[in-house]
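Subject: Structure for your review

Dear colleague,

Please find below the structure that I am handing over to you, together with its sequence. A description of the findings follows it.

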Amino acid sequence: MTPRSNAQLDLRRAINAISDVIQNRPQPLREFDQIYMKAGDMVLQTSLIAQRFAGRRLVFIGDGDAISVCLAYLMHCKVLEEGPESILVLDFDERIVNAVARFADQAEMSDRIKSRLYNCIEPLPEELLGQFNAFYTNPPWGASNNGESVKVFAERGMEACGADAVGVVVIADDKLVPWSQRVLAETQRFALDNGFFVQEMQTNLHEYHLDDAPDLRSCNLFFRSHPDRELPKKSYALHEKRLEDFYGREQNLRVRYVRDTNRVDYGKAVLGTYELEVLGESK
Ligand SMILES: C[S@@+](CC[C@H](N)C(=O)[O-])C[C@H]1O[C@@H](n2cnc3c(N)ncnc32)[C@H](O)[C@@H]1O
């Protein structure tokens, strides 16, 4: 089959492929701000990021949404003809790390996408410093810490990148929600102070399975590295102050890893959540 250009995406094949990825995602843990993007937006986001980051070595700082897997899989199935050259997913949730590895193994695309357990509280492992030229993060949105959690995730992405780098931060964007506008401003200021500048902002774009704020959308905030940026030589652990209200008011960052204890077959009903009443057998 001839691959199409990303601009002429075969929607039916793209949606079906993304539906496979969604089946493989672990159930989100709301207390760590795991709030998944809706399917239609995942299709568009994947196509958009594939074009923007084509040929790049891309690192994800956290990826419950599984945009990383969508990118690798749509390229693998030739639904997308271009995209990143390689992908590494870093996440503190072992269920997510394992879900990426399991899907990659089954689809025979482990050469294209890898995953690794990492908590952004810790210094970025030395062997990853400056090894990438693109980063993607959809971090905790920083409503209660004035964007500090966004800065932490973005900082790790920037540290992972060497020269001539680009990145995208996916965060809340609603002009009627003042904290989201404050966080956007803080994030842009932070990027400028750290050798990156805003290249483009695609405003009010994605929707989420977020029951208490179903209308709150996020934007794509794209950054490019400044030509005079000092390249990262060392990474440091986070100090205590930056862990406060990380996932919301009084929800400090205090968990090192979420461990995968009892593997379930994602996409299938979990035993114990239903029972069968057989025909002719009354209770
Ligand atoms: C915080 S959520 C943001 C919402 C996003 N739509 C999602 O659900 O993926 C993004 C990812 O960051 C991961 N994460 C949360 N805290 C982390 C930490 N301290 N270090 C590394 N990853 C973390 C989560 O497991 C999740 O996969």
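L243 is found in the segment that comes after β7 (218-225). Please bear in mind throughout that this is a predicted model. L243 counts as partly exposed because it has 17 C-beta neighbours inside 10 Å, and a residue must have 20 or more to be buried. Leaving out residues up to four places away in sequence, L243 touches I121, L238, N252 and L253.

The phi of D245 is positive, at about 50°, although D245 is not a glycine. Most residues other than glycine have a negative phi. D245 is partly exposed, because 18 other C-beta atoms lie within 10 Å.

Two of the pairings may be described in detail. β1 and β2 run parallel and are joined by five bridges. Within this pairing, R57 has S86 in β2 as its bridge partner, and F60 stands opposite V89 in β2. Both strands are mostly covered: four of the five residues of β1 are buried, as are five of the six residues of β2.

Strand β4 (residues 132-137) and strand β5 (residues 161-172) also pair in the parallel sense, over five bridges. Here, the bridge partner of F132 in β5 is C161.

Is R57 buried or partly exposed? R57, which lies in strand β1, is partly exposed, because 19 other C-beta atoms lie within 10 Å and the threshold for a buried residue is 20. Apart from neighbours within four places in sequence, R57 is in contact with E85, S86, Q131, F132, N133 and A134. R57 and G267 are 210 residues apart in sequence, and their C-alpha atoms are 30 Å apart in space.

N204 has its place in strand β6. N204 has a positive phi of about 50° and is not a glycine. N204 is partly exposed, because it has 14 other C-beta atoms within 10 Å.

L11 has its place in helix α1 (residues 11-23). L11 counts as exposed, because its C-beta neighbours inside 10 Å number 12 and residues with 12 or fewer fall in that class. From C-alpha to C-alpha, L11 and C219 are 22 Å apart in space, and 208 residues apart in sequence.

The nonpolar core

Which residues touch the most other members of the largest nonpolar core? They are C70 and I171, in a core of 69 residues. Helix α3 (residues 67-76) gives the most to this core, contributing eight residues. C70 touches I18, V21, M42 and T46, not counting residues up to four places away in sequence. In soluble globular proteins, nonpolar side chains tend to be buried together.

The ligand

How many residues surround the ligand? There are 22, and the closest are D33, G62, G64, F92 and D93. The shell around the ligand divides into twelve nonpolar, five polar and five charged residues.

With kind regards

Conventions. Residues are numbered from 1 along each chain as its sequence is written. This is a predicted model: local features need pLDDT of at least 70, side-chain atom pairs count only at pLDDT 80 or more; totals for chains, interfaces and linings use all residues. Helices (H or I, at least four residues) and strands (E, at least two) are DSSP runs, numbered from the N terminus. Two residues are in contact if their C-beta atoms, placed from the backbone, lie within 7 Å. A residue is near a molecule or strand if its C-beta atom, placed from the backbone, lies within 6 Å of it. Ala, Val, Leu, Ile, Met, Phe, Trp, Tyr, Cys and Pro count as nonpolar, Asp, Glu, Lys and Arg as charged, and the others, Gly among them, as polar. Two strands pair if DSSP finds at least two bridges between them. A nonpolar core is a set of buried Ala, Val, Leu, Ile, Met, Phe, Trp, Tyr and Cys residues joined through C-beta atoms within 7 Å.
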